[in-house]
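Here is a short report on a chain interface and a set of paired strands. Keep the sequence and the 3D view open while reading.

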Amino acid sequence: MRRVVVTGLGLVTPLAVGVEESWSRILAGKSGAGPITQFDTEGLATTYACEVPRGDGTDGTWNADLWMEPKEQRKVDTFIQFGIAAADMAVADSGWTPTEAEDLERTGVLIGSGIGGLNSIANTAILMNEKGPRRVSPFFVPGALINLISGQVSIKHGFRGPNHSVVTACSTGAHAIGDAARLIQWGDADVMIAGGAEAAICKIGIAGFNACKALSTKRADDPQAASRPYDQDRDGFVMGEGAGIVVLEEYEHAVARGAKIYGEYLGYGLSGDAYHITAPSEDGDGARRCMEMALKRAGLTPADVDYVNAHGTSTMADTIELGAVERLLGDHAKNVTMSSTKSATGHLLGAAGAIEAIFSILAIRDQVAPPTINLDNPAVTPKLDLAPNKKVERKIDVALSNSFGFGGTNASLVFGKVR
Amino acid sequence: MSDVAERVKKIVVEHLGVEEEKVTENASFIDDLGADSLDTVELVMAFEEEFGIEIPDDAAENIQTFGDAVKFISEAA
């Protein structure tokens, strides 16, 4: 099987726009949460979220003008803007900017989103109701469709290889990266731009997840303390937004062009719970099976795992995943560090698996496990180190990243140092 | 320039992101101002909104240039 390495990274997160900016803030234990600024939260049970910080583009803020012309911005929902920006970053970082037809045809794009243009859909429905169907913009549909990040990125960069997308709720980003890696392994492409983007912090988005009783509601007075995975006082997830994109590349291809290699994609596992539309199976069976498959594909055993980037959303499901990981690792658990970076970023839904894959790769690069912030009183006594409130400098040769989504859809990715 | 022409020009500049000097009488939205077929649909919608008129699809198809738009709107409004 062809080997796949990671040669480019791009991040738009609630901590910052930019890979190193986001990562340094994660390691410093910062939170991206705050009161919602992008719309009036009147009547909502949750009034805070992890928004991408808006600004003039300096100090890690988001300024859409730096990424797209104003006339193009109007034609796409925010989740597509975040995706295009993170993809631009990742492509620039990789140095892969081919011009030959053959190279362009061997470069594909596979970027997903959990929900897509929710805010555009809601606003267009209101507009149509008020002014009639003739006022619906011709850019409404192509500006809200999930696969249009892949479409836009391919058009912008001329990448004419496989053009695909994933929609698996909160597992989207992980599935996109895993599926893209397989396209390279199978020889369908040499380079894939892969990941996820999300921008569902809008009134109907918050209202919908509030109705599912999924969001934290009790921390309006201190939003930065709201996302607290594994803590006994957690009360739901905090919604995040942004995008994470990686450039995946066939190993020999990367070596031949002298590319900077962050790490190696080693394995990918998938499973279904067949249990409940929003809750994970209580025995964590689906989580365990997808982790096992990912390690098997990597040619590794649980004893090889050094770091786990958990799904850990700050909901009741945290301890189900923790139990599944502990059972998988057995006695080796005491040697492993597991953290949830959602404590800092909130839950980016369809982008979560992608940004967390990037954090896992950076954990390997820098030999440091990012902290689980706000973990003051663990709900259970963990058998592994959850990196409470402080980063942990340690050996990390192999990292496992978990993502689980509504519908009982699970994905795990394994990354390692290049062997 | 008439009031209608000024308002039409403002919409064209804003929607197509072009410089004002390029929006001349015979400037074609598609050939000269970089619009695609979806841009022209949106432009016509913006004209309808701005001037409170309805531009039927067959009439919209004949609005190819800035001058066409000003002429049609001046007669309809």
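## Salt bridges between the chains

Arg74(A) forms a salt bridge with Glu42(B) in this predicted model. Their closest N and O atoms are 3.6 Å apart. A salt bridge here is a side-chain nitrogen of Lys or Arg within 4 Å of a carboxyl oxygen of Asp or Glu. The count between chain A and chain B is 6 salt bridges.

## Extent of the interface

In chain A, 11 residues are in contact (heavy atoms within 4.5 Å) with 14 residues of chain B. The two chains bury about 1,100 Å² between them. Carbon and sulfur atoms carry 43% of that area. Buried area is the accessible area (1.4 Å probe) that two parts lose on being put together, summed over both.

Strand 8 of chain A spans residues 263-272. Because 8 of its 10 residues are buried, strand 8 is largely enclosed by the rest of the structure. Buried means under 20% relative accessible area, exposed over 50%, partly exposed in between (1.4 Å probe, protein chains only). Strands (E, at least two residues) are DSSP runs, numbered from the N terminus. Two of them pair if DSSP finds at least two bridges between them.

Strand 8 runs antiparallel to strand 14 (residues 409-416), with 8 bridges. There, Tyr265(A) stands opposite Phe415(A). Strand 1 (residues 4-12) is also antiparallel to strand 8, with 3 bridges. Val4(A) faces Tyr265(A), and Val5(A) faces Glu264(A). Strand 1 joins strand 7 (residues 242-250) through 8 antiparallel bridges. Gly8(A) has Val247(A) as its bridge partner in strand 7.

## Conventions

Residues are numbered from 1 along each chain as its sequence is written, and chains are lettered from A in the order in which they are written. Local features need pLDDT of at least 70, side-chain atom pairs count only at pLDDT 80 or more, and totals for chains, interfaces and linings use all residues, while side-chain values use heavy atoms, leaving out hydrogens and water.

Definitions and conventions. Helix = DSSP H or I, 4+ residues; strand = E, 2+ residues; numbered from the N terminus.
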